[in-house]
Amino acid sequence: MPYKLPSAQGDDNIWCLVTELPRDVSVKYRYLICSVDPSSENVHVRRFETHIVPRQVPVCLDEEETPSTQQQQQPKIDTLGDIDGNIKLDKGWLTSETIFQFKFFDNPFMLKDRVKNRLLYVKITPMNLRINAESQNLSTLLEESLSNDTRENGIETSTAYSFIEVASLHNPNSTYEQQSQFGCPYYKDDFLFFNVTVAEPENVAYLVDLYTYSSRSKDDEPPYHLGYHYILPNFLKKSEGILELPVTCASKHRPLGMMRIEYLKVTPLLPTRCTLERSYIRYWNKRWTGLDVGHRGSGTSFKASDGNVIRENTIASLKKAVAHGADMVEFDVQLSKDLVPVIYHDFDIYVSLKRKTTFESNDMLELPMRELTLEQLRTLKVYHVVEGRNREARFFDDDLDEHQPFPQLVEALNQIDPHCGFNIEVKWSQKLKNGRMESELTFDSNLYVDCILRVVLEHAADRRIVFSCFDADICTMLRLKQNLYPVMFLTLGVTSRYPSYHDPRCNSIEMAVRNACATELLGIVAHTEDLLRDQTQVNLATEKGLIIFCWGDDNNCKDTIKHLKSLGIHAIIYDKMDIYSDKAVKESVFLVGARESQAALLQQIDIENRYEQTNQHEFMNSKQTGHSLEDAAAMPAGSSALSTTPSI
C-alpha cells in the first residue's frame, strides 16, 4: 500500500509505493484518487489522470548497474495530474456506486411571508438507514440523525459511506465543491445542484436542511437553522423525478412552506468495460478546427425541395457524406421497443394500414416510434412524419438495403469508414417551458443510456466518437457511466424558431457553458442562430477551454460556414456535404492524421532497424578483433519497445 514519505521540509504530500517491476518491458501507469467502500471493499475512482500518453517506466537497457551509478540516481517525484507541465485530472466514472443529483432551480422555495424573501442556504446530509442490532428502531435513528451543527443531544450520527459535492450556476466559474458547514446559498434564478455518491442507495436517506440569517444577526454570527425535510429512499425509485416536499420549522416543528426538488439517479454501467488504459473524455487535438460534420449524414431530407436527396439517417446517407470529405457524421440514436439502438430523428412515425403498393389519404396511422420493435420497423411500410402529415410519399427505395430507415447503430459502426468520426446525438424527450413533453417516453433513462453505451463500447474500436444530447441529465449520465468517449451539451440558446425548454441550462449559451464546466464535459454544441446574434459568445466557451460545435439551418451556406470557421468554431454541422464543403481533398482529418502517424511509425521502425543492424555489425567486428563479451555488453543496447497505444 502507498505511504506518506516523511520530509525534512515538513511536506507531507509526498507518497511512496515500493513494488517489483519486470526488467525487460516498459510499464505504463496513471495516478488516481480512489476510495474503498469499507463494507464491500469495492474501489471507486474519484479522479484520475487522463493524458493520452500515460506515464511510463522505461525498459532498463543495461545488463547491470554499478553501485556508483545507483548512488548517482536521484529519486523522481511525480505530481498528481501533471506530466511535463500538461495538467489533466478528471472525474472518475461509476464502477459500483450510485450518484443522486438533487437540483434546485426555477425559484423552488414557497415559504411563509416572514421568510420568503430571505437568502436561503441549502445543505444535504446522507443518513444511513441500515438497522444494526444495537439500533432500537427506524424512528429513533431518524431522530438522532440531524446534521452535526443542528443536533442538541450530541449523539454521533449514523453516517453513510458517501461523498457530497455542490455546484451553483450562479457562479461564473462553476465547479463542484465540497459543501460548507451551513450549505450553499440559493440565489434568485439560480441553478443549484448537489451530487451525492453512495454505495447502498436502498439504505440511505437524505436530510435537507435550510439555513438563513436573521435580520438582526451580526457580521460574525452564523445563520440559524430555519427548516428541514427527510427524503427517504422509496421516494427515489425512478431514474428521475420531481419531489414536492413540506418544509418543517426547525424550532417549532410546524409547517413552514414547500420546496420543489428535481432529482436524477445515475447507476453504473454493468458490467463495466472501462479501464485506465486510455481516456478521451476531454481530449481534442489542436489541429482539429473547423471540422466538417455531415448533418444526419448527407442532410435533412424531408425539408429539401429538390429531388436529388438521400433519405436522412441511413447508411447510404452516411456513406455519401464520407465520400465527400466529412470529418464526422452526426446522427440521432434512439431505442426500438425491444431496446435496440437505431438511427432515426423523430419520435413519431406513420405506418401504412394497407399493402405497400397502395397509398391513399386515409390509410396511415401515426405512432410513437418507441412502440415498434426493430423487426416491425424493418418490415412495415413506414413513413416519415412529413410524409404522413402531407399524405405524400417522398422515397421509393424499398429494394435498396442501405437506403432503408432505422439502421442499427451497430451497422453504422461496422460499415462506415473507421476514419470518419461519429457525433452520436442521443434522442431524449424533454419537458418544454410550457410544461408539455416533446414525447411521452416510457423508457427508464438509465436503461436507455446503458443500451446505447454497450453497443458503442463493444463495436466502436478506435473510431473518434463524441456523444451529444439536448438533455443535460442524459449528458451527465453519459459522462459518469464511462471514461472513454467525450460528451457535448447541445443547446437551443436564445431562439425564435423553437420553444424553450423547462431546464434553463439549455436556453442560453452562457448557462450551457457553466453546466459543461461543472460536469466536466468536452464542450457545447451551440445553435448558430444564437451565435450569429452575438458572436462574442464563442469566447464564453473557448476561454473556459471548452470545444464548441454549432448546428442549425443557418449553416447551410458556404459563406456562413467560412465565417463560422473564422470565429474559431471547432466543428460545423451542416447538410449536403457534396455542395457546401470547400475541401480540395475529400478526406477526413482523422484519415490524414492516421496516414501521418503511420508514416512516422514506419520511419521510426526503419531508424531502429538500421540502428540495430549497426550495433550488430560493430559487435561482430569487436568479436573478430578479440574484444571480450563484457565489453560488448557495455555498448548501447538496441531498439526499445514500441508503444501500441493508438495515435489520435
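This is a predicted model: local features need pLDDT of at least 70, side-chain atom pairs count only at pLDDT 80 or more; totals for chains, interfaces and linings use all residues.
Residues are numbered from 1 along each chain as its sequence is written.

**Exercise 1.** Work out which residues of helix α12 are buried and where they lie around the helix axis.

*Solution.* Begin with the helix, which spans residues 558-566; helices here are DSSP runs of H or I with at least four residues, and strands are runs of E with at least two, both numbered from the N terminus. Thr560, Ile561 and Leu564 are buried in α12, where buried means under 20% relative accessible area and exposed over 50%, with partly exposed in between (1.4 Å probe, protein chains only). Seen down the axis, the buried residues of α12 fall within an arc of 100°, so they line one face of the helix; the arc is taken from the directions from the helix axis to the C-beta atoms. Asp559, Lys562 and Ser566, on the other side of α12, are exposed.

**Exercise 2.** Describe the place of Ser445 and find the side chain with which its own side chain makes a polar contact.

*Solution.* Ser445 belongs to helix α7, residues 445-459, and Ser445 is buried, with a relative accessible area of 1%. Its side chain makes a polar contact with the side chain of Glu240 at 2.6 Å; such a contact is a pair of N or O atoms within 3.5 Å, and within protein one must be able to donate a hydrogen and the other to accept it, while residues adjacent in sequence count only if both atoms are side-chain atoms.

Technical notes:
Side-chain values use heavy atoms; hydrogens and water are left out.
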